[in-house]
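Student: Let's go through this one together. Start me off with a single contact.

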Amino acid sequence: MDNNKKILSLMRKAINDFNLIKDGDKIAVGVSGGKDSLSLLWALKQYSLFSKEKFDVVGITVDNKQNTDFSKIEDWAKQNEIEYHIVRSDIEEVVFNIRKEKNPCSLCSKLRRGILNSKAVELGCNKVALGHTYEDVISTFGLSLIYEGRLSTILPETYLTQTNITVIRPFIFVNESYTKGASSFLPIIKSTCPADKHTKREFINDLVKKLVKDVPFAKDRIFSAITSPDRYNLFDTKNLE
């Protein structure tokens with residue numbers, strides 16, 4: 001099975017397992033310009049053509065710098081008959097120059113999500129789809145465990161009461177190796193973020209890569225532990241009184 005078919009198959013499994021898409025949905029896909037988000041936009045558009053659920057797909061890019069050239073994505077979206085919008089912002093100026101954040105990712109992510117969700121509401125969308133992959137589930141778990149002392153990770157579906165938007169993650173079963181393989185036909189925009197490749201998440205990703213060298217099945221075991229509640233054996237299951 002080639003990369004594109006594998007992506008569609010694993011995405012469809014997540015959609016069916018977690019009932020992520022329903023008839024009449026209008027889904028805004030957050031498009032950063034990277035391989036995962038563009039693969040998701042492409043895959044959801046393809047899925048909408050044969051899915052029993054009838055839904056619409058819209059791509060939204062939040063430009064952190066106000067002047068990034070996304071014309072390649074605009075042209076590609078037009079060729080594939082995908083509605084696409086760009087929202088200009090000054091997030092990079094706020095995070096790096098005004099606030100001078102030492103750990104910028106948290107604030108940047110919060111600001112981007114706020115703008116994305118607001119635009120989605122403006123366009124009449126009831127759902128926002130994010131391109132988080134199988135590896136993102138694992139790395140988020142690692143971040144929460146090591147830096148926060150919490151057992152937590154991203155979920156397939158999250159309802160946001162303030163905006164009445166449901167966030168879905170149809171790619172949680174999709175391995176990044178598949179989105180890398182699909183990137184040859186996608187208009188990838190290289191990240192210009194000053195913190196790119198120098199984040200806590202990147203540190204966790206490197207730890208996992210080192211672990212996999214010695215334990216090849218480590219990622220599968222971690223993912224399985226996260227997604228299998230019947231295997232939990234933590235203190236809250238014990239009578240500690």
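Predicted model: local features only at pLDDT ≥ 70, side-chain atom pairs only at ≥ 80, totals over all residues.

Tutor: Look at Asp 23. A polar atom of its side chain lies 2.6 Å from the backbone nitrogen of Lys 54. Residues are numbered from 1 along each chain as its sequence is written, and side-chain values use heavy atoms, with hydrogens and water left out.

Student: Where does Asp 23 lie?

Tutor: In the loop between α1 (3-18) and β1 (26-30). Helices (H or I, at least four residues) and strands (E, at least two) are DSSP runs, numbered from the N terminus.

Student: Is Asp 23 buried or exposed?

Tutor: Exposed, with a relative accessible area of 56%. The cut-offs: buried is under 20%, exposed is over 50%, partly exposed is in between (1.4 Å probe, protein chains only).

Student: What else does Asp 23 touch?

Tutor: Lys 52, Glu 53 and Lys 54, not counting residues up to four places away in sequence. Contact means heavy atoms within 4.5 Å.

Student: New topic. How many aromatic pairs does the structure hold?

Tutor: Six. Rings of Phe, Tyr and Trp (its six-membered ring) pair if their centres lie within 6.5 Å; planes under 30 degrees apart are stacked, over 60 edge-to-face, the rest tilted.

Student: Which kind of pair do Trp 42 and Phe 185 make?

Tutor: Edge-to-face, because their planes are at 70°, with the centres 5.4 Å apart. Trp 42 lies in helix α2 (residues 35-50), and Phe 185 in the loop between α7 (176-182) and α8 (200-214), so the pair ties together parts that are 143 residues apart in sequence. Trp 42 is buried at 12% relative accessible area. Phe 185 is partly exposed at 33%.

Student: What about Tyr 47 and Phe 55?

Tutor: That aromatic pair is tilted, 6.0 Å centre to centre with 40° between the planes. Both Tyr 47 and Phe 55 are buried.

Student: Which residues do ring pairs link into a cluster?

Tutor: Phe 18, Tyr 134, Phe 173 and Phe 223.

Student: Tyr 134 sits in which helix, then?

Tutor: In α6, where Tyr 134 is one of the buried residues. Others there include Val 137, Ile 138 and Leu 143. The buried residues of α6 pack against α7, α8 and α9 (218-227).

Student: How far does α6 reach?

Tutor: Helix α6 (residues 134-148) has 15 residues and reaches 21 Å from its first C-alpha to its last. That is close to the 21 Å expected at 1.5 Å a residue, where the expected span is 1.5 Å times one less than the number of residues. Gly 149 follows α6, and its phi is positive, near 70°.

Student: Last one. What is Thr 61 in contact with?

Tutor: Val 31, Phe 70, Tyr 84, His 85, Ile 86 and Val 87, leaving aside neighbours within four places in sequence. Thr 61 is in strand β2 (residues 56-63). Thr 61 is buried, with a relative accessible area of 1%.

Technical notes. Polar contact = N/O pair within 3.5 Å; in protein donor to acceptor, adjacent residues only side chain to side chain.
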